[in-house]
Structure formats: structure tokens, C-alpha cells
Protein chains: 2
Amino acid sequence: MNINRFPLRAGHAARFFTSDSLGAITTAERVERLNALEIPEAAAILATLPQQKAVCILGRPELHNAAAMLTEMPSEQVARLLNATANDRVADLFQEMSEGARAHLFSKLDGATCLAVQHLMGYPPRTAGSIMTTEFVSVPATWTVEQTLEHVRKVERSRETIYAIYILDPATHALTSVVTLRRLITGEPHEKVSSVAQNGGIVRADPLMSQEDVARLIRKHDLLALPVVGENEHMLGIVTVDDVIDTMIADQTEDAQKFGGMEALGKPYMAIGFAGMLRKRAGWLCALFLGEMLTASAMQHFEGEIEKAIVLTLFVPLIMSSGGNSGSQATSLIIRALALGELKLSDWWRVLLRELPTGIVLGAILGAVGFARIILWQNIGLYDYGEHWILVGWTIFAALIGIVTFGSLAGSMLPFLLQRLRLDPASASAPFVATLVDVTGLVIYFSVALLILSGTLL
Amino acid sequence: MNINRFPLRAGHAARFFTSDSLGAITTAERVERLNALEIPEAAAILATLPQQKAVCILGRPELHNAAAMLTEMPSEQVARLLNATANDRVADLFQEMSEGARAHLFSKLDGATCLAVQHLMGYPPRTAGSIMTTEFVSVPATWTVEQTLEHVRKVERSRETIYAIYILDPATHALTSVVTLRRLITGEPHEKVSSVAQNGGIVRADPLMSQEDVARLIRKHDLLALPVVGENEHMLGIVTVDDVIDTMIADQTEDAQKFGGMEALGKPYMAIGFAGMLRKRAGWLCALFLGEMLTASAMQHFEGEIEKAIVLTLFVPLIMSSGGNSGSQATSLIIRALALGELKLSDWWRVLLRELPTGIVLGAILGAVGFARIILWQNIGLYDYGEHWILVGWTIFAALIGIVTFGSLAGSMLPFLLQRLRLDPASASAPFVATLVDVTGLVIYFSVALLILSGTLL
């Protein structure tokens with residue numbers, strides 16, 4: 001925690017940030033440049049920046065290894081920076097620190113910050129409480145428009161947003177209404193602030209509401225900030241639109257990686273170590289591999305049929321992949337529709353009734369293409385499927401209808417099942433659905449073959 | 001276009017929207033209720049609402065079939081509503097109308113709206129120009145803080161956002177700086193408005209910038225609105241944060257559906273018809289099926305080996321799926337990293353150098369598990385893999401290393417290749433990668449088998 005390790009770096013920050021030909025650079029660009037450096041070097045530069053600029057940079061969740069950088073800096077300076085940083089961000093930074101570093105810094109923070117941050121850290125992760133900030137603007141309902149505006153001007157620097165002003169009951173601290181800054185400035189100065197308040201119910205969140213639901217509310221109502229209220233409408237904090245965008249991006253990344261069949265990385269691709277990358281990928285890959293081992297068991301079970309009709313094995317990969325592909329389509333559709341709230345848990349049977357005919361028709365289309373291939377190859381002499389080639393064709397046709405239908409049904413119902421079990425529907429990955437369908441697909445294929453080819457090939 | 005078709009519906013709107021037990025309901029809730037109705041009924045209710053409420057509802061992109069509803073309403077009323085609606089939204093609504101309905105309505109709009117909307121419709125879809133609004137607040141640099149504030153109060157009702165105020169050169173209409181409302185209200189009334197303007201470069205977009213890049217800029221700089229400027233810094237419009245959130249959601253849905261191996265639906269799951277759903281899914285499913293047919297060709301090619309060593313076919317599904325799964329992991333990782341700008345096109349070789357060892361180690365892990373299974377099954381007597389079972393085990397082990405490595409490399413390089421060809425990297429779907437890897441996987445498997453088992457089983 002000593003900056004004197006870098007005695008030659010005095011003035012380095014100034015040079016580092018003015019190398020830009022445009023002269024002035026934005027906070028986002030400063031963050032990018034710091035991200036390109038090693039932690040001690042970035043910490044040294046951050047330490048030499050003016051307090052206001054350093055606070056802006058620290059406030060960005062895009063800054064990599066921010067907590068690690070802080071532990072490299074003098075703790076008195078860090079405390080000064082954190083006192084001036086948004087409380088929700090300070091809580092996030094503390095989550096990333098070791099117990100020891102956190103306790104040491106806590107003792108140096110000023111009382112109000114300390115209390116607010118400890119309170120925020122008490123909420124479970126990924127809830128409204130954990131992403132909200134306690135720095136909002138509130139006024140009692142008895143104030144006039146002019147008084148409120150005067151107050152907003154005074155506290156402007158220390159609040160994350162001043163575009164929504166919350167009117168609280170002076171006695172109970174309960175949220176009674178919301179005024180937007182745009183309406184406030186159009187108000188008559190001597191009227192009560194409530195004269196420009198929003199009509200209608202207040203859109204608000206519970207501190208334990210999931211961050212996905214918070215994002216949905218903000219999106220649905222085009223809000224710049226969403227108030228979080230506890231029992232008896234007691235106002236606790238706000239979630240701002242930029243926090244929600246960051247949350248949405250992180251969720252998207254997580255969902256995309258889960259759908260790809262792995263644990264969410266939680267870090268940029270290049271920022272994660274080799275061992276970390278292996279851990280995140282090997283777990284699911286092994287689990288899927290163990291699941292797919294059932295295909296070997298299924299194949300062993302039908303060994304007699306395979307020996308009698310080797311021609312059947314030629315189509316195993318084709319048949320299996322078709323089930324997996326139709327399952328993957330259905331799953332991605334339903335995961336998204338559930339995430340957007342377009343479908344509810346109780347809609348499962350309506351989806352089932354749609355996927356059933358969809359699967360049958362899609363299967364029939366693929367089956368027809370498969371049958372056509374066999375006719376074509378047989379008749380132009382590319383391959384000889386044996387004397388019963390027409391029956392083999394019918395087997396492929398019927399098996400594809402069964403497998404694509406099963407794939408569509410299994411793929412669409414799995415996200416509902418996960419949601420019902422209070423798991424994340426986004427955990428239904430394309431490889432997982434494929435594995436599920438592969439084993440069943442083999443059983444369907446060989447059963448259909450037994451039915452159609454019994455007495456001829458089998 | 002005649003509302004008299006519904007003579008009994010007078011007062012229906014009032015009843016429809018006050019049936020809520022809370023009394024007051026929000027615009028978002030009104031939209032949801034209208035979405036649940038048939039188009040003519042929803043149009044009838046919209047027509048009886050007070051103008052201000054109807055404009056709020058029309059402004060929401062979540063409203064289904066809004067364009068169709070408008071064509072059911074008296075065109076004089078529609079013109080009044082559209083004149084009061086944000087121009088970017090009017091342009092979107094017009095895009096969804098038939099040529100005839102559009103021309104008819106255009107003639108009824110007031111001159112300024114007409115011009116702005118025609119201008120907006122001229123930009124290619126999915127660009128900054130096509131999603132921007134021309135209704136922003138701008139003032140000349142010569143004005144004082146007080147003058148500006150007075151102007152903002154006056155135009156507040158007619159602007160999509162007033163939280164960012166743009167200072168333009170009075171002669172050229174070029175953007176010179178930006179003032180946020182929060183800084184403006186803290187300014188000294190008689191100072192020049194430029195005294196509270198932001199320092200540093202202005203973050204701005206070109207009208208042809210892609211909407212994804214616009215979203216990235218807004219996110220990166222935590223903006224509430226991004227100015228769009230043309231040649232010579234001429235100010236054209238703004239993109240607001242709520243438009244960007246809508247765009248992000250739509251993009252996410254599209255990417256998720258593409259990754260699931262289908263065309264993006266473009267509509268909610270339940271809102272799309274049966275035939276439409278089939279079209280969106282059958283195309284890709286058939287393309288993948290045709291690709292997978294190469295697996296049948298590959299199997300036919302190795303028919304001799306299969307006949308001699310049927311034991312090899314038992315592991316075909318297991319081997320193939322492992323390649324597909326590792327490819328799906330790598331693809332989802334790289335698509336996301338490219339979308340977030342964490343990786344650039346020129347990083348492809350760095351990714352290659354990471355995926356190569358990752359693939360080898362992951363393949364070795366799966367190979368070891370596969371080998372262990374063969375040893376176990378053989379020795380506890382669950383299945384007899386023949387006298388050369390140890391060699392079969394080595395074949396599985398070596399093939400898995402080759403296939404998982406190939407899957408990781410192909411899966412990670414495909415998004416780069418698509419980006420290089422100026423296609424959307426998100427088009428690299430999990431099923432597409434699996435298909436790519438399946439065929440190669442079979443060739444690798446049987447080639448490894450020939451190498452190891454030649455002289456014994458083969």
C-alpha cells in the first residue's frame with residue numbers, strides 16, 4: 001500500500017492521459033487505458049490523478065481489477081476516494097476484496113458511508129438491494145417547488161442521479177410520490193412540490209426483487225431510476241438506468257455462455273487465466289460426456305440389430321443431430337420468451353400444443369429430404385442400400401418425424417421445468433438439450449427400424 | 001377507418017382502464033391490456049382515449065400491431081396523434097404500414113413532422129439515423145443559463161428528453177458542446193450557458209453508425225442521450241437511452257435465436273403464426289440436415305472398417321457430440337467477446353494460441369474418462385469390447401483429443417471468419433458448429449482407429 005515503490009512515476013499520469021492528440025479524453029477512454037496496464041502500474045497512475053477524476057474512473061464497473069488496484073494504494077487516499085464514490089459501487093468493490101483489506105478500509109471510511117455500504121452488502125447478490133444506491137434526492141411533501149430546486153442544486157454533486165426526486169412522508173420516511181426534474185423546473189416556484197408530482201401509482205421495487213425483474217420494470221416504464229422500498233413503503237434506495245444496462249449486459253453474457261454449454265466466465269475472455277478457463281469449461285463438458293455415454297449403452301443394447309443391418313448405422317449421426325438441432329431451436333426460443341416475460345410458467349401447455357404440430361411438420365420435411373437422398377443415391381448408383389432400400393427410406397422418414405417432434409417438445413419444455421424448479425431457465429444449454437435428445441433419438445430410431453424392418457433386414 | 005362500426009363502445013375505454021383496483025394505472029399497463037385485445041377492439045379503445053394518453057401509448061414500441069390499429073382509426077384523428085408523437089416512433093410506425101396507408105397519412109401530417117419523418121425514413125435500418133429522434137433541445141452558444149432554462153421549460157412537453165441540451169453554432173448549426181440539465185440548474189443565471197458545458201471531447205455518432213455501436217457508446221459513457229452529427233458537425237438528432245435499451249433487447253433476442261440455429265423470429269413467440277414459425281425454423285433445419293448428410297457419406301466411406309469392427313460404431317455418437325459441445329462452448333465465448341468489443345478481429349491468433357492448449361487438455365480429460373469407462377465395463381463384465389479392448393480404449397482417448405481440439409479451434413475461429421467476411425458473427429450457431437465438427441469428427445475418429453487398430457481389428 002505504498003506509492004513510493006514507483007518514485008519515477010511522478011507526473012506519469014499527466015503524460016499518460018494527455019498523449020491523446022485530441023487533448024481532452026473521456027473517463028471511458030481513461031478506463032480503457034488503465035485496463036491495458038498491469039495492476040501496480042495502473043494503481044500508481046490512479047494515485048497521482050486529481051481526486052475528482054480518480055472518483056469518476058473508480059465509479060466505472062468496466063475498470064478491471066479495481067479492488068486489487070486499491071489495495072496497492074495508500075489507505076488514507078483510498079478512504080478519501082471511496083467516501084466520494086457512489087455507495088453501491090463501494091459495496092461492489094468491497095465484495096471483491098479480501099476480508100482483511102476490507103476491514104482495514106472500513107475503519108477509515110466516514111460514518112455515513114460505512115453504514116450505507118454495510119447495509120448494501122447485507123442484501124443477497126443479484127437483487128435490487130444489492131445493486132441499488134442509497135444516494136438519491138428526497139424532500140418532504142411540505143416543501144415548495146423553489147425549496148426543492150434549491151436543495152437539488154445543493155446536493156447535485158453527491159447524488160448519482162437528480163433526474164428523479166422522491167417525496168417522502170417526513171415522519172415515516174415512506175415514499176409518497178415522485179417528481180421528475182423536467183417537471184420540477186416547469187413548476188410554479190411557490191406551489192407545493194406535489195403540484196408537479198407524477199399522477200398514478202408509483203412503479204417501485206422490493207429490495208429482494210431479482211435484478212432481471214428490476215431491469216424489466218425500468219425497461220417497461222422507460223424510467224431513469226427505480227425506487228426501492230422496504231416495509232411500510234420505507235424508501236431504501238434507487239437503481240439507475242446505467243446500472244441496469246450494465247446488469248443486462250452481464251446477464252446476457254452469462255446466458256449466452258450458459259447456452260453454449262459452460263459455466264459463465266464472469267470475466268473478459270482474455271482476462272481469465274488458463275486454469276480458470278479449463279475449470280469453467282471442463283465441468284459441463286465432462287457432465288455432458290457422462291450423459292452421452294448413455295448413447296454407447298443404447299448402441300450396445302441394439303448391437304444385434306446393428307450387426308444384422310449395418311446400413312442403419314450410416315444414418316445414426318444424421319438422425320441424432322436432427323433431434324439436437326430442433327431441440328436447440330425450441331430451447332433458445334422459449335428461454336428468450338420466458339426472460340422477456342412473453343411467456344409465463346402457466347403457458348407451458350399452450351407451448352406444448354404449438355410445438356407438437358411444429359415438430360411433426362418439421363420432422364416430415366426433413367424425413368422427406370432424407371428419403372429423397374436414399375432414392376437418389378440408390379438410383380444413380382452412388383451407394384447400394386441393399387434390396388430393402390425402400391424400407392430403409394421409410395425407416396429414416398418415420399424416425400425423423402419422431403425424433404424432431406421429441407426434440408421440439410423436450411427442448412421447449414425443459415426451460416419451463418427449470419423455471420418450475422426455481423432454477424434459471426437459461427441453464428438449459430444447446431449441448432444439454434442435444435444430449436437429452438441424442439439418447440432418446442437412438443432408442444426411437446432403432447425401435448422404428450425394428451417395427452418397419454422386422455422380418456426383412458432384422 | 002371508421003369508428004362508427006363500434007357504436008356500443010362509447011365509454012368503453014374509461015371502463016376498460018379503470019377496472020384496475022388501484023384506480024390509477026400506468027401507460028405500460030395500458031399497453032399490456034391493449035395487447036391482449038383484437039386489433040379492431042384495441043383501435044376502438046385507443047380512439048376514445050384523451051389525446052395525451054393515446055400519444056403516450058402509441059409511443060411505446062411494446063404496443064403490438066400499432067400500425068394496423070392506426071389504419072382502423074379516422075385518419076384526421078390519427079394525424080393529430082402522430083403530429084404529437086416522437087418523430088422516430090412515427091417513422092417506425094410508417095415502416096410497418098402499406099404504401100397506400102402511409103401516403104394517405106403523410107398528406108395529413110403537419111409540414112415539420114412530415115419533413116422530419118421522411119428524413120428519418122431515408123436512413124438504412126439498424127443505423128443511428130434510423131433510431132434517432134429529431135426532437136432534441138438546442139440553444140445558441142450566446143445564450144445565458146437563464147435564457148436556456150426558460151427555453152427548456154417552454155419546449156419540455158414536445159421533446160423526448162431535456163436532460164441533455166446541445167449548444168449549436170448559430171450560423172452553421174454545428175454541435176459545439178453539451179450541457180446536462182443537472183449542471184444547467186446549478187449555473188449562475190446570468191453567465192453564458194457555455195460556463196456549465198461539459199469539458200472534453202463530445203461523444204457523438206455518425207448517422208450511419210450501427211445501432212450496436214450506438215448502444216456500446218451510450219453504455220461506455222453512461223449517457224442519457226447520444227447526439228448524432230452529420231458532415232461538418234451538423235447536428236441531426238439524438239438517440240436516447242430508452243431507445244437503446246429496446247434495441248439491446250431486440251438484438252439479444254435475435255442473437256439468442258440465431259445461436260439456437262434458426263432465423264430470428266422478430267415477434268413474440270405467441271404472436272407469430274404457425275406458417276411463419278415453420279418458415280423461420282425449417283430453413284436452417286434443412287440446411288443443417290443437408291450438411292449432416294455428409295456424415296452419412298463419411299460413414300459409407302468407412303463402411304469396410306465398420307463391418308470389421310462394429311465395436312467402433314458404439315462410440316460414434318459419444319465422440320461426435322464431444323466435438324460439437326466443445327465447439328459450442330468456444331463459439332459462444334468468442335461471439336460474446338466480439339460483441340462486447342473485448343476482442344478485435346486482429347486478436348484471432350491470440351485466441352488460436354489459447355484454444356489450442358485448452359482443446360488438447362479438455363480432450364485429454366474426456367479421453368481419460370472414456371478410457372476409464374472401457375476398462376471398467378470390460379473388467380466388471382458389463383460389456384465385452386473384444387480381445388483388443390485396450391487398443392479400442394487408446395483409440396477413443398486419442399480420437400477425443402483430436403476432436404475436442406478441432407472443435408475448440410473451429411468453434412473459436414468461425415466467428416472471426418464471419419466478422420472478416422462482414423457477416424454477423426452471431427450467425428455462428430451452436431448447431432452449425434456442431435455440424436461442421438461432426439463430419440470432421442468422424443473422419444478423425446476412423447483415421448485414428450486405422451492408425452491404432454491396423455493389423456489387429458482392422
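Predicted model: local features only at pLDDT ≥ 70, side-chain atom pairs only at ≥ 80, totals over all residues.
Biologist: What makes Leu366(B) buried or exposed?

Modeller: Count its neighbours. Leu366(B) has 27 other C-beta atoms within 10 Å. The cut-off for buried is 20 or more. Therefore Leu366(B) is called buried.

Biologist: Where does Leu366(B) lie, and what does it touch?

Modeller: Leu366(B) lies in helix H19 (residues 348-379) of chain B. Leaving out residues up to four places away in sequence, Leu366(B) touches Leu285(A), Cys286(A) and Phe289(A) from chain A, and Ser322(B), Leu400(B) and Val404(B) from chain B. Contact here means C-beta atoms within 7 Å. Leu366(B) and Ile396(B) are 30 residues apart in sequence, yet 9.5 Å apart in space, C-alpha to C-alpha.

Biologist: How many residues does each chain give to the contact?

Modeller: Chain A gives 94 residues and chain B gives 94 residues. On the side of chain B, helix H18 (residues 316-339) gives the most, with 17 residues. That side of chain B divides into 55 nonpolar, 25 polar and 14 charged residues.

Biologist: Why is the relation of chain B to chain A called a two-fold axis?

Modeller: Look at the rotation. The same surface serves both copies, as 100% of the contact residues of chain B recur in chain A.

Biologist: What makes strand E2(A) mostly covered?

Modeller: Strand E2 (residues 164-168) of chain A has 5 residues, and 4 of them are buried.

Biologist: How do you know that E1(A) and E2(A) pair?

Modeller: Pairing needs at least two bridges. Strand E1 (residues 137-140) of chain A is joined to E2(A) by 4 bridges, so the two strands pair. They run parallel. Val137(A) stands opposite Ile165(A) in E2(A). The chain crosses from E1(A) to E2(A) through helix H11 (residues 145-155) of chain A.

Biologist: Why is that crossover called right-handed?

Modeller: Point the strands away from you. If the path from the first strand over the helix to the second runs clockwise, the crossover is right-handed. This β-α-β crossover is right-handed, so its path runs clockwise in that view.

Biologist: How do E2(A) and E3(A) run, parallel or antiparallel?

Modeller: E2(A) and strand E3 (residues 175-180) of chain A run antiparallel, joined by 5 bridges. Ile167(A) stands opposite Ser177(A) in E3(A). Their hairpin has 6 residues between the strands, and there His173(A) takes a positive phi near 65°.

Technical notes. Residues numbered from 1 in each chain as written. Chains lettered and ligands numbered in written order. Nonpolar A, V, L, I, M, F, W, Y, C, P; charged D, E, K, R; others polar. Buried ≥ 20, exposed ≤ 12 C-beta atoms within 10 Å, placed from the backbone.
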